[in-house]
Amino acid sequence: MMKLWKRASGALKDRKSLFSIGFSRKTSFRNPDLDSAIIHATSHDDSSVDYHNAHRVYKCIRSSPTNLKPLVHALSSRVTRTRSWIVALKALMLVHGVLCCKVPSIQEIRRLPFDLSDFSDGHSRPSKTWGFNAFIRAYFSFLDQYSFFLSDQIRRRHRKPQTDSVNQELERIQKLQSLLHMLLQIRPMADNMKKTLILEAMDCVVIEIFDVYGRICSAIAKLLIKIHPAAGKAEAVMALKIVKKATSQGEDLALYFEFCKEFGVSNAHEIPKFVKIPEEDIKAIEKVINGVEEEEETKKEEEVEEEKGIILVEGPKLQTIITDKWEVFEDDCLITCKEIKETDLPRNYNVDPSPLPLIVIDEPVYFTHTLPDLITF
C-alpha cells in the first residue's frame with residue numbers, strides 16, 4: 001500500500017511539473033520541449049528508464065550548442081528540488097549520456113551544475129535508503145570529475161593541437177587512473193538495492209570502466225616506448241608509479257567484475273582478461289631510475305675530483321702525462337696536480353645504449369562492447 005502511495009505521489013509531482021512547463025516561453029535559458037523531455041527522463045518511476053525521452057535530450061544537445069544552457073538550467077532546477085533517490089539517479093544517468101555525446105559545447109559545463117555529494121533521500125527511513133544515498137554520492141563524484149576532465153581535454157585540444165609532452169601524457173594517465181578509482185567506488189552495498197534502475201545504472205558504469213581502462217592500457221603501452229635510458233628521473237619515477245597502479249587496479253577490476261556478475265549486471269556476464277604488465281618491464285623502468293641516479297652521482301664525483309685536480313689513469317696502456325712541473329711515468333696510477341696543461345687520455349663515459357624493452361601484453365585487449373541504450377547514440 002505504501003509503495004502504491006509513493007508511486008501515485010511521484011506521478012502527481014511529474015504531472016504538475018509538466019503542466020507548469022506548458023505556460024513557459026522559449027528563451028535563451030528555457031526550452032519547453034527540452035524541459036519536457038528531461039522531466040519524462042527523470043520521472044519518479046523506479047521500474048523503468050524512459051529511453052525515448054533520454055534520446056530526445058541527446059539529440060537536442062548534438063543539434064545545437066545553444067541548447068546547452070537550457071539543459072543546464074532544467075537539470076539543475078530538477079535535481080536541486082528533489083529529495084527522491086530515483087529522480088537523482090536518473091538525472092545522473094542522463095548527465096552521463098550527455099557527457100558521452102562529447103560535443104565541443106560540453107567544455108562550457110566544467111563541473112556539474114548541481115551538488116549531490118551530500119544527497120539523502122527524504123521519502124524513506126535512512127535505514128532503508130543509506131545504500132541508495134551512497135550509490136548516488138559516488139556516482140555524482142565520478143561524473144563531476146569526469147565532466148571537468150572532458151572539458152579540460154577539449155580545451156587543451158583546441159588550444160594546443162600539437163603532440164603532448166611526456167609529462168603531459170603521464171599526467172593524463174594519472175587522471176584517468178583517478179577516474180577509474182572513482183568508478184570502482186560505485187556499487188550497490190545494501191541488500192535492498194537489486195532493482196531495475198540500479199542495474200541499468202550499473203550497466204552504464206561497467207561500460208565506462210571498459211572505456212577508461214582501455215584508454216589507460218593504450219596510453220601506457222605507447223608511453224613506455226618513450227621512457228628510455230635518456231629519460232629524466234622525474235619522468236621515470238612517475239611512469240613507475242603509473243605502471244604499479246595499473247597492475248593494482250587490474251586486480252581490483254577483476255574483483256569488481258566478479259561482484260557485478262553475481263549481482264546480475266548484464267554487461268559484466270563476460271569477465272574480460274585484464275592486461276598484466278610483466279615484472280621485467282617494471283624492473284626495466286627501475287633500472288632507468290637507478291641509472292639516472294648513478295649518472296648523477298658519477299657527475300658529482302667527477303666535479304669534485306676536477307676541483308681537487310685529481311686524475312685517475314686507467315686502462316691496459318698507461319701513458320706518460322706531461323706537465324709544466326714534472327713528469328710521471330706509467331707505474332704511477334694516481335697523480336695530484338693543479339696545473340695540468342694537457343693529456344693524451346680522453347674521457348670515456350660508459351653509457352648503456354640498449355633501449356628499454358617495450359611493454360609486453362600477453363593477449364591484446366579490444367573493447368568491442370556497445371554502450372547500454374541510455375548512453376549510446
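How many helices and strands does the protein chain have? The chain has 10 helices and four strands, where helices (H or I, at least four residues) and strands (E, at least two) are DSSP runs numbered from the N terminus. Along the sequence the pattern reads α-α-α-α-α-α-α-α-α-α-β-β-β-β.

This is a predicted model, in which local features need pLDDT of at least 70, side-chain atom pairs count only at pLDDT 80 or more, and totals for chains, interfaces and linings use all residues. Residues are numbered from 1 along each chain as its sequence is written, and side-chain values use heavy atoms, with hydrogens and water left out.

## The chain as a whole

The protein chain has 377 residues, of which 43% count as buried. Buried means under 20% relative accessible area, exposed means over 50%, and partly exposed lies in between (1.4 Å probe, protein chains only). The accessible surface of the chain comes to about 21600 Å², and 53% of this surface belongs to carbon and sulfur atoms. Accessible areas come from the Shrake-Rupley method with a 1.4 Å probe; for residues, only the protein chains shown count as cover.

A contact means heavy atoms within 4.5 Å. Among contacts in the protein chain with a separation of 6 or more, 78% are between residues 24 or more positions apart.

## The nonpolar core

A nonpolar core is a set of buried Ala, Val, Leu, Ile, Met, Phe, Trp, Tyr and Cys residues joined through side-chain atoms within 4.5 Å. In soluble globular proteins, nonpolar side chains tend to be buried together. The largest nonpolar core here has 92 residues, and L89 and Y139 touch the most other members. Helix α8 (residues 196-223) gives this core its largest share, 17 residues.

Apart from neighbours within four places in sequence, Y139 is in contact with L89, L92, M93, H96, I186, A201, C204 and V205. Y139 is also one of the α6 residues that meet α8. On the α6 side the list is F132, F135, Y139, F142, Y146 and F149, and on the α8 side I198, A201, M202, C204, V205, E208, D211 and R215.

The two helices pack at an angle of about 35 degrees, with their axes 13 Å apart. Axes are lines fitted to C-alpha atoms, for helices over the stretch in contact, and angles run from 0 to 180 degrees between N-to-C directions. The crossing of α6 and α8 is left-handed, which means that the near helix is turned anticlockwise from the far one by less than a right angle.

## Helix α4

Helix α4 covers residues 68-81, 14 residues in total, and reaches 20 Å from its first C-alpha to its last, close to the 20 Å expected at 1.5 Å a residue. The expected span is 1.5 Å times one less than the number of residues. The buried residues in α4 are L68, P70, L71, A74, L75, S76, R78 and V79. An α-helix has 3.6 residues a turn, so residues three or four places apart point the same way.

## Single residues

Why does S147 count as buried? S147 counts as buried because its relative accessible area is 0%. S147 sits in helix α6 (residues 126-159) and touches L99, I109, R110, R111 and L112, not counting residues up to four places away in sequence.

One of these partners, R110, is in the loop between α5 (85-101) and α6. R110 is partly exposed because its relative accessibility is 27%. Its phi is near 60 degrees, a positive value in a residue other than glycine.

D121 lies in the loop between α5 and α6. D121 counts as buried because its relative accessibility is 7%. Beyond four places in sequence, D121 is in contact with R83, S84, W85, T129 and N133.

T42 is found in the loop between α2 (32-41) and α3. T42 has a relative accessible area of 0% and is therefore buried. Leaving out neighbours within four places in sequence, T42 is in contact with R78, V87, K90, A91 and L94.

S63 counts as exposed because its relative accessibility is 55%, and K59 counts as exposed because its value is 58%.

The table gives C-alpha distances for some residue pairs.

| Pair | Separation in sequence | C-alpha distance |
|---|---|---|
| S63 and V103 | 40 residues | 9.8 Å |
| D121 and I86 | 35 residues | 9.0 Å |
| K59 and L34 | 25 residues | 9.9 Å |
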